[in-house]
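Q: Please take a close look at one part of this model. Then show me how the rest of the chain is built.

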Amino acid sequence: MTLNLVSSQRLFDGWQKRYTHQASSTACEMTFSIYLPPQTATGARVPAVYWLSGLTCSDENFSSKAGAQRIAAELGIALIIPDTSPRGDNVADDDAYDLGKGAGFYLNATQTPWQPHFQMYDYIVKELPALIEAHFPVTEARAISGHSMGGHGALTIGLKNPERYAAISAFSPICNPVNCPWGEKAFGAYLGDNRQAWEQYDATLLLEKLGVALPIKISQGSDDAFLKEQLKPEAFLSAAEKAEVEVDYQLCEGYDHSYYFISSFIESHLRFLARHLAD
């Protein structure tokens, strides 16, 4: 596998790097960013946190806006930041912001024209970790986190693959996508009309069905414009209560859906994930 270095910056005695590579799962060129903390300079291998970004984002939003590298350097964890979807001239797209490029929803599409490239679930769960662990000084200890659509991805991927991750965290996740406009539109396009197929990518329904073997932390802004119509954390918390699953849930008064919110609480999330990565 050939990795093409796009950019490299030194910060907090570590390195923020950006790469492209040809991905087999998505059948196109994919981009990811990685922060390697200073501990790797001496030959140490470190655990990794995978961050999944939200609608309209790329790998660069979290890298440049969250301020996560400082605490990652202190904790000795790598940050793996993939793009949100396949891209390229041959990749299907839609004129709307919430479908197509920038809106992969971390699932495996089954419908035309999306199926050939929109296999983000396989890319995140299988191909990208194998690539990272083969080329960079990271261990197989992983945690997963994300924001909005990426929070949906972190929850669903973590719930379905508890053997692969030490913990899950999410900011403003889409918790019950089968019952919100973003999810209904994306799932209908990518997965077709069979709503049973949708359920495998709904965190609330997965929690009801599978329970959870992982620690979960969720932060949600009280002034998030998408809270009531799109995110529905109350559905996930209700499912957790019924399943007798403890969720570290924080409603953050006055905060919205933006990276101002994420940057305010990213330290607590990384410390939470690092604690469980060390267990």
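A: R164 is partly exposed, because its relative accessible area is 23% (buried means under 20%, exposed over 50%, partly exposed in between; 1.4 Å probe, protein chains only). The model is predicted: local features need pLDDT of at least 70, side-chain atom pairs count only at pLDDT 80 or more, and totals for chains, interfaces and linings use all residues. Residues are numbered from 1 along each chain as its sequence is written, and side-chain values use heavy atoms, with hydrogens and water left out.

Where does R164 sit? It belongs to the loop between α4 (149-160) and β7 (168-171). Helices (H or I, at least four residues) and strands (E, at least two) are DSSP runs, numbered from the N terminus. Beyond its neighbours within four places in sequence, R164 is in contact with V125, K126, P129 and R142 (contact means heavy atoms within 4.5 Å). As for H269, its C-alpha atom is separated from that of R164 by 19 Å. Along the chain, R164 and H269 are 105 residues apart.

The largest nonpolar core holds 66 residues (buried Ala, Val, Leu, Ile, Met, Phe, Trp, Tyr and Cys joined through side-chain atoms within 4.5 Å). Within this core, F105, Y190 and F236 touch the most other members. Helix α3 (residues 120-135) gives the most to the core, with eight residues. Another core lies apart from the largest one. This other core has 26 residues, including Y35, A73, L273 and A274.

Residues up to four places away in sequence are not counted here. Y190 touches L99, G100, A103, G104, F105, L107, A109, T110, Q111, W114 and F118.

Which residues of α9 (residues 233-242) are buried? They are P233, F236, A239 and A240. These four lie on the same side of α9, because they cover an arc of only 125° around the axis (taken from the directions from the helix axis to the C-beta atoms). E241 and K242 are exposed on the other side of α9. The buried residues of α9 pack against α4, α7 (203-210), β8 (216-221), α8 (227-231) and β9 (248-252). Just after α9, E244 takes a positive phi of about 55°.

Strand β8 contains Q220. Is Q220 buried or exposed? Q220 counts as buried, because its relative accessibility is 0%. The side chains of Q220 and D224 are joined by a polar contact of 3.1 Å (N or O atoms within 3.5 Å; within protein, one must be able to donate a hydrogen and the other to accept it, and residues adjacent in sequence count only if both atoms are side-chain atoms). Sequence neighbours within four places aside, Q220 is in contact with S172, P173, L227, L231, Y249, Q250, L251, C252 and F261.

Last, the whole chain. The protein chain has ten helices and nine strands. Of its 279 residues, 59% count as buried. Its C-alpha trace spans about 50 × 40 × 35 Å along the principal axes. Of the contacts with a separation of 6 or more, 70% join residues 24 or more positions apart.
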